[in-house]
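Have the sequence and the model open beside you as you go.

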Amino acid sequence: MCYTGAALSAKGGAPVPTIPTENYLITIQTLHDDGIRCIPARIAERMGVSAPTVTEAIKRMVRDGYVCHKDGREIVLTERGRQIALALMRRHRMVERWLTDVLGLDWATAHEEAHRLEHAISDLVAERLWASMGYPDSCPHGNPITDAGDRAGGNSVRLKDVPAGAVVTLRRISELAEDNRPLMQFFESKGFRPGARIEVRDRGPLNDTLTVVVGEQTAALSEDVAAYLWVRTEG
């Protein structure tokens, strides 16, 4: 059973997570959001660190009440860990939206800058930025800031699972794609924006590639790339 509180410090207060710990919590929540079983190997792959480094980090996070083990190897967030991760992700998405909509940065650059700022700015500043933009529901890639944004992305499937001939609407681009600068530049340049209409024209002979039409542009996607795009079927 997960321990749902944080370990107490010597002064009786809950520990303040370090930036590396915050990044682990975000990674675990992101994997969970995409339905990926969160085992140490997946965390190491996502964060670009060694397996022993992840093992030691998990031990510390278990000690501090941020994560626990499920069914042996799977790592899950406690309620405290989840709340910290969601707050950071929400702040990141607010900042991303401000950087793209107000400052005019491209998606890839905005993500990199938001990753730095999410740990530095206060909730007060983030909320003021959000208010100044009229409280958008999601980040530029469709990931939710609000409960309304979360509901809008519900009942979605991955584009890789859509058959040829189907027409779908792009709901969101997975957070797992955002650290890949060339891929995000490709998505932005080809018009893969939330709300875009996508027609699946063809699937490769081995069913491992898709040819799609977005607006007036045609793009060929591998199944791995199409897995980052969450869509809703029209009709």
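D123 counts as partly exposed at 46% relative accessibility (buried is under 20% relative accessible area, exposed over 50%, partly exposed in between, with a 1.4 Å probe and protein chains only). This is a predicted model, where local features need pLDDT of at least 70, side-chain atom pairs count only at pLDDT 80 or more, and totals for chains, interfaces and linings use all residues. Residues are numbered from 1 along each chain as its sequence is written, and side-chain values use heavy atoms, with hydrogens and water left out.

**Exercise 1.** Find the salt-bridge partner of D123 and describe the pair.

*Solution.* 
- Apply the rule: a side-chain nitrogen of Lys or Arg within 4 Å of a carboxyl oxygen of Asp or Glu.
- The partner is R91, with the closest N and O atoms 2.8 Å apart.
- R91 lies in helix α4 and D123 in helix α6, 32 residues apart, so the pair links distant parts of the chain (helices are DSSP runs of H or I, at least four residues, numbered from the N terminus).
- R91 itself is buried, at 13% relative accessibility.

**Exercise 2.** Work out which side of α6 is buried and what packs there.

*Solution.* 
- Within α6 (residues 123-132), the buried residues are A126, L129 and W130.
- They share one side of α6 because their arc around the axis is only 100 degrees, taken from the directions from the helix axis to the C-beta atoms.
- The face turned away from that side carries exposed L124, R128 and S132.
- Against the buried residues packs α4 (79-101), where contact means heavy atoms within 4.5 Å.

Methods:
Helices (H or I, at least four residues) and strands (E, at least two) are DSSP runs, numbered from the N terminus.
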